[in-house]
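Here is a short report for a reader new to this structure. Take a look at the model first, then read on.

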Amino acid sequence: MTRRFLFVLGSSRSDGNTELLARRAAEQLPEGVEQQWIDLAAHPLPDFEDLRHDSDHVRPTQGNVALLLDATLAATDIVIASPLYWYSVSAPVKRYLDYWSGWLRTPGIDFKATMAGRTLWGVTALAHEEQEVADPLVGTLSNSAAYMRMRFGGVLLGNGSKPGDVLNDAEALARAKTFFAQEAPLARFPYETE
């Protein structure tokens, strides 16, 4: 399968630090690698309704839910680009991940088996100098990948508060140059042994 990257932008600010860092990393992808960028602020998802124990799951055919489902299924690599909001992913990103729960039960797509072996990546900008404060965000993405039996490429962290600040983070920009070139291991829950 030819690599196809889906960049899910979860900021409430367009052209924010997280998006700038994600675009710098994406510039390094080989020519011919498809990229699709979906801004959740421009394509908001409605509140997620948990129908886990109901039987009326249907595949969405229109609107933002269908757009994101189709883009997710078509991607070999999904990049969650979410600023660090209260030490985790943004509300729009959390809602997108909540939809994965519904897609697990959508007839005809076999979501979990389809996603298995694909790669989940993260990009975030944070205002703290101490990167450990992003551990909850990293854990959310890593554990989501582990549950889906996906690969996890890690999270590209950059520092920035005011718009454009991340472009002054030389270390983050250097990491962005090789971020997507690394081999992404199969994600594992912290309790799993190798």
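## Terms and model

A residue is buried under 20% relative accessible area, exposed over 50%, and partly exposed in between. The model described here is predicted.

## Overall build

The protein has six helices and five strands. Along the sequence they follow the pattern β-α-β-α-β-α-α-β-α-β-α. The radius of gyration is 16 Å, close to the 16 Å that the globule rule gives for 194 residues, so the protein is as compact as a globular protein of that length. The C-alpha trace spans about 50 × 35 × 35 Å along its principal axes.

## Surface and charge

Buried residues make up 46% of the 194 residues. The accessible surface comes to about 10000 Å². Carbon and sulfur atoms account for 49% of that surface.

The protein carries 18 positive and 25 negative charges. Their mean positions are 3 Å apart.

## Helix H2

Helix H2 covers residues 63-74, which is 12 residues. From first C-alpha to last, H2 reaches 17 Å, close to the 16 Å expected at 1.5 Å a residue.

Several H2 residues are buried: Val65, Ala66, Leu68, Leu69, Ala71, Thr72 and Leu73. What covers them includes three strands, E1 (4-9), E2 (34-39) and E3 (77-81). The cover also includes helix H3 (91-103) and helix H4 (111-115).

## The loop between E3 and H3

Most residues other than glycine have a negative phi. Two residues of this loop have a positive one. Trp86 lies in the loop between E3 and H3, and its phi is about 45 degrees, a positive value, although Trp86 is not a glycine. Tyr87 is in the loop between E3 and H3 too. The phi of Tyr87 is near 75 degrees, again positive in a residue other than glycine.

How do they sit at the surface? Trp86 has 78% relative accessibility, so it counts as exposed. Tyr87 has 36% relative accessibility, so it counts as partly exposed: the value falls between the cut-offs of 20% and 50%.

## The loop between H3 and H4

Thr106 sits in the loop between H3 and H4. Is Thr106 buried or exposed? At 7% relative accessibility, Thr106 counts as buried, because that value is under 20%.

Which residues does Thr106 touch, leaving aside its neighbours within four places in sequence? Thr106 is in contact with His57, Val58 and Arg59.

Definitions and conventions: Residues are numbered from 1 along each chain as its sequence is written. This is a predicted model: local features need pLDDT of at least 70, side-chain atom pairs count only at pLDDT 80 or more; totals for chains, interfaces and linings use all residues. Side-chain values use heavy atoms; hydrogens and water are left out. Helices (H or I, at least four residues) and strands (E, at least two) are DSSP runs, numbered from the N terminus. The radius of gyration is taken over C-alpha atoms; the globule rule is 2.2 Å times the number of residues to the power 0.38. Buried means under 20% relative accessible area, exposed over 50%, partly exposed in between (1.4 Å probe, protein chains only). Accessible areas come from the Shrake-Rupley method with a 1.4 Å probe; for residues, only the protein chains shown count as cover. Lys and Arg count as positive and Asp and Glu as negative; His and the chain ends are not counted. The place of a charge is taken as NZ of Lys, CZ of Arg, CG of Asp or CD of Glu. The expected span of a helix is 1.5 Å times one less than its number of residues. Contact means heavy atoms within 4.5 Å.
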